[in-house]
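Here are some friendly notes to read alongside the model. They go point by point, with the cut-offs given where each term comes up.

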Amino acid sequence: MKAAVIEEVGAAPHATALADPAPTTDTQVVVRVEATALNAIDLHVAEGHHRAGPPKVPYVPGFEVVGTITAGPDQGLRVHATVPAGLVPGVNGGLAELLLTERAACIPVPDGLDSVAAAAIGAVGAGADLALRKADLQAGEGVLVLGATGPLGAAAVQLAKLAGAERVIAAGRNPERLARVTGADGVVVLGDEPPAEQLAALGGPVDLVVDPLWGAWAVPALACLRPGGRYLNIGAAAGDESGFRVEMLRGAQLSLIGFSGTTAKPADAYAAYNRVAALAVEGSFALATATYPLEEAAKAWEAQASSPGKKIVVVP
C-alpha cells in the first residue's frame, strides 16, 4: 500500500510503500481509507511535544480517518475512526491507503455524508459540541468565540447558534475570513480596539467566551463577560501563558472552564459525532476544506502548520 511515513521526530511525512496490514485478532478491522483529516495534535505528536513523549518512529501519522471496512467485523461498513498514531508503538494512522485499527474505535458514518466532509467535521465538530455542553450553553445567551476563522472556532460558532444562542460573535485577526464565518451575528477583529469595546456596538458583554487561543487574548476576552459569565478554554493556539490576575474571576464571579476532546469518554465522543454528522447531513453544519492527494502529504502537512483556516484533508 501507499503511505506517508514520519521517519524522524520533527520531520514531515513522506510518501513511500508499506506492506498491507491484516487483522491479528477478532476485534481488529482493516479500513480502506477514503479521507484523513489533519489536526493540530498530529503535528504536536510528530514534533515530540505531546505529554506522552516523542513518537515511536517510524510511523504513519493521521489520527482521524474515514473509510470502509474491508477485513474483520462489519465488512462494507463506512466508518469514522480515531487512532493514537505515534503515541503507541506499532500503531499507524490514516495517511495511507489502508488502516488497521480496533472495531471499537470506529463510528458508522451516516448515508448522505461524503467521506471528506465526514472526516472534516469529526474531531473539531464533536469537540466543539462536547465543549459547549460542558459550558452549559443555554438558549438565549450571548457567546463570543475567539479564533473563529479556524476550524474549531468555526465549528463552535455554528453549533452555538444551532443550540439557541441569541447572539454569537466571531472574533479573529483576519476581517476577510471573519466575514465568511457561518452563523455569526457580528464580528470582533482581534488586534484593533479592545474586544470589549467592539462588543459595546454589538449588544454588550456576553454570557460565554469560547477560547481556543489563550495566550495574550485571555485577559481581553475575560473583560467581555458579564458578571457571572463563563470562560471556556478549549485550546492554546496563541500560547500557554497568560498574565490575567485571579481577582478578575472573583470580582465578577466568573467561572473558568477547561475542556479537551482527548479526554472525552468514548460513548460521549460517539454521541457527539452522531449529532454533528446528523446536522451535516441536513445541511445546517459544514466546515471549509482543502484536499490533498496522499502523494502530496508533505504539502498537506505544511498547510496544516500554516493555520489555513480550513480543514486539511488527505485522500488516497
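1. Let me start with Q253, which is exposed at a relative accessible area of 58% (exposed means over 50%, buried under 20%, partly exposed in between, with a 1.4 Å probe and protein chains only). Q253 is not a glycine, yet its phi is positive, about 55°. It sits in the loop between helix 8 (247-251) and strand 13 (255-258); helices (H or I, at least four residues) and strands (E, at least two) are DSSP runs numbered from the N terminus.

2. A word on the basis: this is a predicted model, where local features need pLDDT of at least 70 and side-chain atom pairs count only at pLDDT 80 or more, while totals for chains, interfaces and linings use all residues. Residues are numbered from 1 along each chain as its sequence is written, and side-chain values use heavy atoms, leaving out hydrogens and water.

3. W214 also has a positive phi, about 60°, without being a glycine. Its loop runs between strand 11 (206-211) and helix 7 (218-222). W214 counts as buried, at 12% relative accessibility.

4. Please look at the peptide bond from V57 to P58, which is cis with omega near -10°. P58 belongs to the loop between helix 1 (40-46) and strand 4 (64-71).

5. Among the buried ones are D129, L130 and A131. D136, with a positive phi near 60°, follows the helix.

6. How do helix 3 and helix 9 (residues 266-282) cross? Their axes come within 8 Å, at roughly 105°, which makes the two helices roughly perpendicular (axes are lines fitted to C-alpha atoms over the stretch in contact, with angles from 0 to 180 degrees between N-to-C directions; under 35 degrees is roughly parallel, over 145 roughly antiparallel, 65 to 115 roughly perpendicular and the rest oblique). Residues meeting there include A126 and R133 in helix 3, and Y273 and R275 in helix 9 (contact means heavy atoms within 4.5 Å).

7. T36, in strand 3 (residues 28-37), is buried at 0% relative accessibility. Its side chain reaches the backbone oxygen of G94 at 2.6 Å. Leaving aside residues up to four places away in sequence, T36 touches several others, including E64, L95 and V313.

Terms used: Polar contact = N/O pair within 3.5 Å; in protein donor to acceptor, adjacent residues only side chain to side chain.
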